[in-house]
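The sequence and structure come before the entries.

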Amino acid sequence: MSTTTSRDREDDDAQFRSPKRAKVEDPSLTDVDETNDASPSSCTTRQLLESDVGITEYVSRDVPPICGIIKQRFTDFLVFEVDQDHQVVHLKTLDKPPPSKKDQKHLKMTGEDMKTAEPSQIIHASSSVSCMSISSDQEAWGDAVVSSLSPYFSDESIAQLRKTFLEGPESGRVSDNKESPQFDNGGVSAEQAPSSEQPTQGKQDRNRHTRSEKGKKRGGRGDLSKSDVTGHYRVFSNPISSKTDRTAVHVKVRELFKGGFETETEAPSDQGSRIIVMWSRQGRGRGKGGGKTPGTRPARGEFPPYIHFTMQKTNRDTQDALAYLSRTLHVNVKDFGVAGTKDKRGVTVQREDIWRASNQVGRRSARDALSQRGDHGIRITDMCYRKAGLELGMLKGNEFVITLRSLQADAPDSVERVMDSLKHKGFINYYGMQRFGTAAVPTHTIGLALLKSDWHKAVSLILQVRPGEHPDVIQARQAWLVDRDLDRALSLMPRRVVAERCILESYKKQGGETRNALGALSTIPRNLRLMYIHAYQSYVWNAVVSERIRIYGCEKAVPGDLVFEEEIAPKSDDGDEEMNDGAQNSRPKKKQSWVPPKIITLTTENAYKYSIFDVVMPLPGRDVAYPGGSLGERYREFLKKDGLDPDNFLRKQKEYTLNGSYRKILQLPKNLSWSILRYTDPDVALAQADEDKLLGFDPPRVVEDGKFLALQLNLTLGTAAYATMALRELTKTETSSHFQTGLTHASEDQQFRGTTATGQDVSSYDVED
């Protein structure tokens, strides 16, 4: 790394060590001309720094830092969820799930037979239809069927109907290459995907998916009854002029196939109307396995109602990945459940569930799915049925494999010293920069406006121009803020810019009237509005913890500190990999009232009984205790300066009522280990994602005589910890994405890009959007 870059780091370090509080509405962060706050030309903004969100202190200031670049490549930041059984979640196999014992009785082919079988011979073990052997279906199709249909169907149509009957309703989901089932973009085949058919649920499950059911009734994304799949199996009768004969055909088909097929009458022609025969949209039965009565849904067997699977995503946040899966599977995104949400920049692995799924027509062959990375940076594997779904907090933490590139240290033993400090002294449990967004207008400033019921201020901040945005977004903002052209602004604003579009669409419905700012804000998805106020809570917590450490240090508990009377499990509210108090996951669940934990305020008599790792700090809200002594007074004064009453967080709009909680001020990593690696080409991965291992890609190549050093860490953190804040303790530098990007561009290793990298190194894994 150049000397200039190192000097810049020192200058930045001196800046964000300042104990001065950064006000939420600091004009140095956002300077808006009061005469016309809507004009983008009047806004002067800069990128968000750690000091702007209360992050200023370190545990070990006396330990010399090491220099390294965070998240230079996505594979430099691998995250693996730790489940409730303390097992680290990895992708285990790309193969389809094994059939259940019940289905195995019907499978007549071995694995080798499946590879060479014709598509019509493949039986879908995970389908909701009853799995019958081909021989039993052939027996069901006898001469009586042919003689009953021959007066109304041509020989060709009868042959086609027989072929359709023997193949079953899922036959079109087998690839044309007669070798393998097709896969979707995530590498999931029709054979893998469990059925959408569900047994009758209890009241709780029925209530939690109301929107999904309504969407199906409207023929929305969740409705597969009008999909093109059914169209592939339509068989037509000869034109029939007599209505009595047409009725007889409807009855015969229903009786012959036990409701497995349904019929429709085509629009009449000069010769009469044809009868259309197709697989039942509801029953989707097959032969003897069809519904007992016309139009009834067949039993789904003994399969539980939830499908759990493992997802690896690359450069996608959790909601983006779920939205993609919901579009691919034609289900509502609310049907998905996660134990924790994960950060965007990195390769993350986690367990998820879906309450209602469907076999999905794939767009990739099995060969491609088993040799190429998943499209859109998403791969799902290891599916199985479970009786219960996942909820936020159903995890123990996350395991990380992190690589810091362009490593530099002041002394040979610097790495050992800084890693030993992290192992035994931990790091300050700050909310990381991801919590506050990447734009120059931080989310917590919007949150404060919402808490103060300053609706117009909140709208102004949301619509304000941000430097570095996509040109389309900038043009859309200017079309409204400068030209007041609402139609043009909406036409230019990308749909991914959710909050801004919601406000502009609300203005459109109001005929261009902008006085109802509260109404416009209410059209923004609730999870996004809650993200703003949760960000403000995080900002206050960061700032007050920094104040506590500046005054008392971080060696021991002191009188006035707060601790739990009984140790409780940490709330899964955040982390590098868990972003915003569950706001991202909007799947309905039974709401439980929050019961405040019992808190002890330490005194001189009992402070010695507790360690610094026991100390907690409240997030502002109802039913929380503030620290004792002068720190508690400073906390209250902090809130008052922002125009808030520290003893009243009830709001007329109930969703903006803050429920407080507690968070430990220090975090101690577990299972910490590290190693020094050498490399030359920065495009060569130094850690391997699970998917690449299963695809058989070459393992990471470490060059013995590489020109540059990298530090690779393995550690495990609890559910409420940000790994980037642990890295900050090592490097003593800014962790914001724009600062790290600047370090990457200035790094000497960039001169050697592409010198040894192969196609599997430079891929969608490490290409920005």
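Entry 1, terms. I took buried to mean under 20% relative accessible area, exposed over 50%, and partly exposed in between, with a 1.4 Å probe and protein chains only. The model is predicted, so I noted that local features need pLDDT of at least 70, that side-chain atom pairs count only at pLDDT 80 or more, and that totals for chains, interfaces and linings use all residues. Residues are numbered from 1 along each chain as its sequence is written, and side-chain values use heavy atoms, with hydrogens and water left out.

Of the 769 residues, 55% are buried. I then took contacts (heavy atoms within 4.5 Å). Among contacts with a separation of 6 or more, 80% join residues 24 or more positions apart.

A pair of aromatic rings is described by the distance of the centres and the angle of the planes. I counted rings of Phe, Tyr and Trp (its six-membered ring) as paired if their centres lie within 6.5 Å; planes under 30 degrees apart are stacked, over 60 edge-to-face, and the rest tilted. How many aromatic pairs does the whole structure hold? The search returned 15. One of them is F309 with F336, edge-to-face, at 6.4 Å between centres and 85° between planes. This pair links distant parts of the chain, 27 residues apart: F309 belongs to strand β8 (residues 306–314) and F336 to strand β9 (residues 336–338). Are F309 and F336 buried or exposed? F309 is buried because its relative accessible area is 4%, and F336 is buried because its value is 0%.

Y539 and F638 have ring centres 5.7 Å apart and planes at 50°, so I recorded the pair as tilted. Y539 lies in helix α20 (residues 526–552) and F638 in helix α21 (residues 629–641), 99 residues apart. With 1% relative accessibility, Y539 counts as buried; F638, with 9%, does too.

F165, F257, F261 and W279 form one aromatic cluster. I also searched for charges over rings (NZ of Lys or CZ of Arg within 6 Å of the ring centre and within 35 degrees of the ring normal). R663 lies over the face of Y431, 4.0 Å from the ring centre. The charged end of R663 also sits over the ring of W541, at 5.3 Å from its centre.

Definitions and conventions:
Helix = DSSP H or I, 4+ residues; strand = E, 2+ residues; numbered from the N terminus.
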